[in-house]
Amino acid sequence: MTDRKQRVLGVLGGGQLARMLALAAAPLGVKTLVVDSSAEACAGQVAPLVVADWTDYAALEAFAAKVDVVTFDFENVPAETARWLAERVAVFPSPQALAIAQDRLAEKTLFRECGLQTPEFMAVDSREALDQALARVGAPAILKTRRLGYDGKGQFRLKSIADADTAWTALGAQASTHGLILEAFVPFERELSVIAVRGRDGAFGTWPLTQNWHVDGVLSMSLAPALDIVQLQQRATALAQMLAERLDYVGVFALELFVKDGELLGNEMAPRVHNSGHWTIEGAHISQFENHVRAVLDLPLGDTGARGASAMFNWIGDLPDAAPVLRAVDAHWHDYGKQVRPGRKVGHATLCAPDASELAVRLTELAKALDRVAQAAHTVQALR
Ligand code: AMP
């Protein structure tokens with residue numbers, strides 16, 4: 001009898017994305033080892049956890065020796081840490097791709113090079129530069145940190161040019177550390193995301209476009225496949241493929257899009273599995289998590305098609321009573337095992353149905369039973 005060597009996936013960051021990656025890796029016979037600076041990281045409940053900071057090179061050296069490949073649950077892992085690891089073990093997506101996706105200015109520049117329009121934008125590095133940017137971009141606008149912002153954090157919305165001082169007070173101190181960018185505020189018709197995957201061999205796929213609703217900059221509900229998007233799907237897929245090829249990207253990523261006057265505008269790219277793709281766990285033939293594991297380990301990619309229609313509720317700050325979801329037909333409960341805290345993503349639920357009209361019926365009932373009618377209202381309306 002020969003020893004069977006199981007492969008080990010290393011994940012930087014131990015939140016819910018790492019947790020769902022580990023759960024998807026297990027049936028493939030792949031073990032997962034997670035690194036996080038907190039011993040409480042919720043992925044540690046389902047996979048072994050190394051507690052270390054991003055600059056603890058002794059711990060990272062030992063981690064690198066134990067894994068076959070390293071990937072991310074968190075895009076703000078310092079690019080320097082990713083580069084250091086890449087000298088020791090395969091890292092996907094590459095540190096170069098990560099560095100571009102970490103910087104809103106670099107990623108928007110790349111979008112334009114690939115033919116994807118974006119909101120008007122300008123880099124801001126001083127108070128005077130903010131005035132110049134406002135003169136060019138106009139108001140309303142959003143001032144954002146270029147790096148280290150996520151889920152609406154590190155952002156200030158300016159209703160008019162008169163808000164410039166307040167915006168600078170809120171974010172000016174971060175101009176020298178994280179960099180700032182001013183973007184035109186887009187009165188979009190809707191928000192979509194395309195989740196894409198590219199393998200080490202260049203194989204490429206996208207899941208059907210997802211429509212998303214945010215509250216205070218944080219994802220609240222997703223619907224997939226988004227409705228009435230036949231032409232947008234082809235365009236979004238072509239753009240995602242072009243971006244992936246330009247970056248020689250390996251793994252899953254999300255491209256967040258606004259639809260304005262029926263045209264796509266690029267908002268941002270997340271170089272990892274994404275909240276708006278959680279519905280793929282039950283709603284697609286192969287989930288974003290499994291395909292990410294397959295991609296980084298050089299396994300064949302699986303079918304990204306939807307099984308029917310799905311809606312996802314995000315649980316932010318607290319969890320509702322699980323019972324209505326546990327009782328409902330083709331509904332799926334996900335509790336991330338985290339302490340509840342205002343603004344924190346602590347779980348989600350996905351409701352599936354054979355088609356959009358049946359999903360509308362099931363979603364209306366479930367939202368009532370969960371006392372979440374307001375949260376689901378836009379999604380129900382989109383389905384009707
Ligand atoms: P972000 O962190 O850039 O993805 O922003 C979070 C959310 O804020 C987005 O999903 C949008 O709902 C909203 N948002 C961000 N940028 C803009 C923009 N330029 N115009 C309108 N809404 C925006």
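Reader: Which domains does the domain assignment give for the protein?
Author: The model is a predicted one. Its domain bounds come from an automatic or database assignment. That assignment gives domain 1 (8–91), domain 2 (120–184) and domain 3 (190–383).

Reader: How far apart do the C-alpha centres of domain 1 and domain 2 lie?
Author: Domain 1 covers 8–91 and domain 2 covers 120–184. Between their C-alpha centres the distance is 33 Å.

Reader: In what order do the 5 strands of the open sheet stand, and which are the edge strands?
Author: The order is β3-β2-β1-β4-β5, and the pairing is parallel. An edge strand here pairs on one side only. The edge strands are β3 (49–51) and β5 (90–91).

Reader: What is the bridge partner of Val 69 in β5?
Author: Strand β4 spans residues 69–72 and pairs with β5 in the parallel sense, over 2 bridges. Within β5, the partner of Val 69 is Ala 90.

Reader: Which element supplies the largest share of the largest nonpolar core?
Author: This core has 33 residues, of which Leu 9, Trp 207, Phe 289 and Val 293 touch the most other members. At least two residues come from each of β1 (8–12), α1 (16–25), β10 (190–198), β14 (251–260) and α10 (288–296). The largest share is 7 residues, and the element that gives them is α1.

Reader: Which element gives the most to the lining of the second largest pocket?
Author: About 200 Å³ of space lies in this pocket. Its lining includes Arg 19, Met 20, Leu 23, Phe 289, Glu 290, His 334 and Asp 335. Two or more lining residues come from each of α1, α10 and β17 (331–335). With 4 residues, the element that gives the most is α1.

Reader: From which domains does this lining of the second largest pocket draw at least three residues each?
Author: By residue type, the lining divides into 7 nonpolar, 2 polar and 3 charged. The domains that each give at least three residues are domain 1 (8–91) and domain 3 (190–383).

Reader: How do the residues lining the largest cavity divide?
Author: The structure holds 1 cavity of 30 Å³ or more, and about 60 Å³ of space lies in the largest cavity. Among the residues lining the largest cavity are Glu 75, Arg 104, Arg 146, Arg 147, Leu 148 and Met 269. The lining divides into 3 nonpolar, 3 polar and 5 charged.

Reader: Which residue in β12 stands opposite Leu 192?
Author: β10 pairs with strand β12 (residues 210–215) in the antiparallel sense, over 3 bridges. Opposite Leu 192 stands Gln 211.

Reader: Which residue has a positive phi in the turn between β12 and β13?
Author: β12 and strand β13 (residues 218–224) pair in the antiparallel sense over 5 bridges, and Trp 213 stands opposite Met 221. The two strands form a hairpin with 2 residues between them. In the turn, the residue with a positive phi, of about 50°, is Asp 216.

Definitions and conventions. Residues are numbered from 1 along each chain as its sequence is written. This is a predicted model: local features need pLDDT of at least 70, side-chain atom pairs count only at pLDDT 80 or more; totals for chains, interfaces and linings use all residues. Side-chain values use heavy atoms; hydrogens and water are left out. A nonpolar core is a set of buried Ala, Val, Leu, Ile, Met, Phe, Trp, Tyr and Cys residues joined through side-chain atoms within 4.5 Å. Buried means under 20% relative accessible area, exposed over 50%, partly exposed in between (1.4 Å probe, protein chains only). On a 1 Å grid over the protein atoms alone, a cavity is a set of points where a 1.4 Å probe fits but cannot get out, and a pocket is an open set with protein on both sides within 12 Å along at least five of seven lines; lining residues have an atom within 4 Å of a point. Grid points are joined across faces, edges and corners, and a volume is the space filled by probe spheres set on the points. Ala, Val, Leu, Ile, Met, Phe, Trp, Tyr, Cys and Pro count as nonpolar, Asp, Glu, Lys and Arg as charged, and the others, Gly among them, as polar. Two strands pair if DSSP finds at least two bridges between them.
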